[in-house]
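Good morning, and thank you for coming.

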Amino acid sequence: MTSYHPAAVIVLAAGEGTRMKSTTPKVLHRIGGRSLLGHALHAARQVAPEHLAVVVRHERQRVADHVAELDAGALVADQDEVKGTGRACECGLNALPADLTGTVLVTMGDVPLLTGQTLVELTERHESSGAAVTVITAELPDAKAYGRVVRDGAGDVVEIMEYKDALAHREAGDEYAHVVDVREINSGIYAFDAQVLRSALAEVGTENAQGEKYLTDVIGIARRDGRRVAALLVDDVWQTEGVNDRVQLAELGRELNRRTVEHWMREGVTVVDPATTWIDADVTIGRDTTVRPGTQLLGATTVGADGVIGPDTTLTDVEVGDGASVVRTQAELATVGPGATVGPFSYLRPGTVLGAGGKIGGFVETKNAQIGDGAKVPHLTYCGDATIGEGANIGAGTIFANYDGVAKHRTTVGRHSFVGSDSVLVAPVEIADGAYVAAGSTIEGRVGPGQIAVARGRQRNVDGWVARRRAGTATARAAEEAQQAARDGAVDGEARHTSPEPTPTQES
């Protein structure tokens, strides 16, 4: 860990982001499971600053509430009507102690691939060099509308020239006409000496092509006063890329995901098809787990070691234990125990907890259900608001009828109990340990230990019903043919389609 820690980090997040064409502030758009601002705050905290301030303006309350949700220790500073990054930084600085000394880092709220390690390197470069200002720069094949880095013959940074101003110099044909062709660009991420920053911002005006107070003008003032301006040229250009529209949002999201997936593969996770696998930034995965194609691991999902996830699976804020298998499943806010199996085509809703070695099978939906170790809900079942004990088995087609039209109620199935197929458990109801429910039953009352509950009508076969009520149909013809065949078999001394009636035994 570095011994260099800045006095403060100021994150600029006041812009509207009109090119996003959204009612959501730009910095609240999300990639990799975090908002753009969330990525910025995460990186800022990696350098352990004494103070962290976020400058807001557009949709002020929404952004401020989000800051409070993400980082309770961060300060919120309001930018006034004066436009420009210089004014935004000044407002952030004014929210910090007036006697602040040391290094102040300034970052942007829309540069999500910037890492904490790069901010650590910026702080170290700035403080070890004794510079008044240090700027992160990068070289691009096409610098587009980025501000250009202007250096002198010795290679020191002279100023950052905004693109529109560089164009004006070209039109004028003066000594700076070449600047528009410079490929080294300003990232908008700086380290400043706090006192230099405060005094320089007081001098910066708005006399420029956009009528804004530029933060870049601080560089010229520092140079004028004989102070050194340094640069940290980064090879990883993605860390300087900002988001201005939905196209860039998708591009950076794709690159972030590529890096995240690659990270977990290098940590010992097998990702069968990285192109169709999406893993959020806060997900963790254990070694020797296999992630199959079409899988999304989102939010704060954690997956243990030696497991199998996917294909075609989406887990959001789900905890999966070691050695578990989750196949073709949608799950949210659920827990899957070690060695358990889920899927295919399962839907685990919030509050589902599957114990070690348990099973949730095909076409099963669970909600607020605690399913014990080794218990099985194998197929075609709705299991809501339930507690199922260790080793219990729930037959196919069972419905936990938890809602009476007004309120939800809970069902309890005891340890090693068995619920037969096509049963309905009408909550609230308790099935004790070691009990049975016969297939096709509708259970409304308690079933005690060792009991079997049978709650269904006795079968009654009515002769001749099809001939009377469905005469002339294909069913009636089939029945008549079968009956005739049975009669023919009786004449021939053969039994067809039916088995002979067993001889009753004499009870002793």
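At what angle do the axes of α6 and helix α7 cross? Before I answer, two remarks on the source. The model is predicted, with local features needing pLDDT of at least 70, side-chain atom pairs counting only at pLDDT 80 or more, and totals for chains, interfaces and linings using all residues. Residues are numbered from 1 along each chain as its sequence is written, and side-chain values use heavy atoms, with hydrogens and water left out.

Now to the helices. Helices (H or I, at least four residues) and strands (E, at least two) are DSSP runs, numbered from the N terminus. Two packed helices are described by the angle between their axes and the distance between the axes. Axes are lines fitted to C-alpha atoms, for helices over the stretch in contact, and angles run from 0 to 180 degrees between N-to-C directions.

The axes of α6 and α7 (residues 217-224) cross at roughly 105° and come within 10 Å. On the α6 side, Val196, Leu197, Ala200 and Leu201 meet Val218, Ile221 and Ala222 of α7, where contact means heavy atoms within 4.5 Å. By class, this contact has seven nonpolar residues, no polar and no charged ones. Here Ala, Val, Leu, Ile, Met, Phe, Trp, Tyr, Cys and Pro count as nonpolar, Asp, Glu, Lys and Arg as charged, and the others, Gly among them, as polar.

Helix α6 (residues 194-201) also packs against helix α3 (residues 85-94), their axes coming within 10 Å and crossing at roughly 125°. These two helices are therefore oblique to each other. Their crossing is left-handed, meaning that the near helix is turned anticlockwise from the far one by less than a right angle; clockwise would be right-handed. From α3 the contact draws on Gly86, Cys89, Glu90, Leu93 and Asn94, and from α6 on Leu197, Arg198 and Leu201. Those residues divide into four nonpolar, two polar and two charged.

A further pair is helix α1 (residues 36-45) and helix α2 (residues 60-70), packed at about 45° with axes 11 Å apart. That angle makes α1 oblique to α2. The crossing is right-handed. Leu37, Gly38 and Leu41 of α1 make the contact with Val63, His66, Val67 and Leu70 of α2; five of these residues are nonpolar, two polar and none charged.

Let me turn to the backbone. Most residues other than glycine have a negative phi, and most peptide bonds are trans. The bond from glycine 310 to proline 311 is cis, with omega near 5°, and proline 311 lies in the loop between β18 (308-309) and β19 (314-316). From glycine 343 to proline 344 the peptide bond is cis as well, with omega near 5°. Lysine 144 has a positive phi, near 50°, and is found in the loop between β7 (133-139) and β8 (148-151).

Finally, the annotation. An unreviewed UniProt entry places the feature "binding site" at Ala396, Asn402, Tyr403, Ser421, Ala439 and Arg456. UniProt positions follow the numbering used here, feature names are shortened, and annotations may be inferred rather than shown by experiment. Alanine 396 lies in the loop between β29 (393-394) and β30 (399-401). Leaving aside residues up to four places away in sequence, alanine 396 touches His379, Leu380, Thr381, Ser421 and Asp422. Thank you.

Terms used: Parallel < 35°, antiparallel > 145°, perpendicular 65-115°, else oblique.
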